[in-house]
Amino acid sequence: MFLVGLTGGIASGKSSVIQVFQQLGCAVIDVDVIARHVVQPGYPAHRRIVEAFGTEVLLENGDINRKVLGDLIFNQPDRRHLLNTITHPEIRKEMMKETFKYFLRELNCGLPGFSPGYRYVILDIPLLFETKKLLKYMKHTVVVYCDRDTQLARLMHRNSLSREDAEARIEAQLPLKDKVRMARHVLDNSGEWSVTKRQVVLLHAELERSLEYLPLRLGVLTGLVGLAGLLYLLTHYLLPSP
């Protein structure tokens, strides 16, 4: 099993692309879902957010008001950085836990009672290229791209924003053209959805054919064989006979 980092930009169509991968049977870890999970009441990130930004970011039930918090950090790099230092470590820990679950499933694949494993796992990471902290774990990186005019039109329509507000939100992110230069694979979602969907299907087939999972699998199997040999020596030669 190897990891595929997938990212995009606001209104580029990343969520729709993820849905196609899931329909194809791919394992997907959604960082946005994890990000909402780690800031729930009772979690360390929730407490630290309230300490840093005040109780005005809370809803009546104690949950974080994501809109209020988003407005507080918008166009304020210092506050955004503070929030990231609180949430990103917790998000990374949860991502590693989820990845490990899929890895264990991959080790058990083929054994009686276990479902087939996954050749690769997609990590949906909005800030993959901005933070760069997870890039070293990714065998492949994918960016969902669309041209600037298309992105602007979609965002204005989807969020009912003025052109000025939509442009401000796009400018707050790393430009998609920069992400394209850093990604190994590009899914161009500027045109018809059927064209984009075909690109996803072809990429999935390419990743399924990849043999990049073999070194890790061989390493794990070698380690298991070594452990079995050590246990054999302990039980047959080193431990006293009954």
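**Close-up views of a predicted model**

**View A. Lining of the second largest pocket.** The residues lining this pocket comprise six nonpolar, four polar and five charged (Ala, Val, Leu, Ile, Met, Phe, Trp, Tyr, Cys and Pro count as nonpolar, Asp, Glu, Lys and Arg as charged, and the others, Gly among them, as polar). The space in the second largest pocket is about 190 Å³. Of its 15 lining residues, Arg148, Gln151, Pro175, Leu176 and Lys177 are the closest to the centre. Two or more lining residues are given by each of helix H7 (148-159), helix H8 (163-171) and helix H9 (176-182); the largest share, three residues, comes from H9. A pocket is an open set of points on a 1 Å grid over the protein atoms alone, where a 1.4 Å probe fits, with protein on both sides within 12 Å along at least five of seven lines; lining residues have an atom within 4 Å of a point.

**View B. The open sheet.** Five strands with parallel pairing follow the order S2-S3-S1-S4-S5. Strand S2 (27-30) and strand S5 (185-188) are at the edges with a single partner strand each, so one side of each has no neighbour in the sheet. Strands pair if DSSP finds at least two bridges between them.

**View C. Strands S1 and S4.** Strand S1 (residues 2-7) pairs with strand S4 (residues 140-145) in the parallel sense over four bridges. Gly5 has Thr141 in S4 as its bridge partner.

**Notes.** The model is predicted, local features need pLDDT of at least 70, side-chain atom pairs count only at pLDDT 80 or more, and totals for chains, interfaces and linings use all residues. Residues are numbered from 1 along each chain as its sequence is written, and side-chain values use heavy atoms, leaving out hydrogens and water.

Notes. Points joined across faces, edges and corners; volume = space filled by probe spheres on them.
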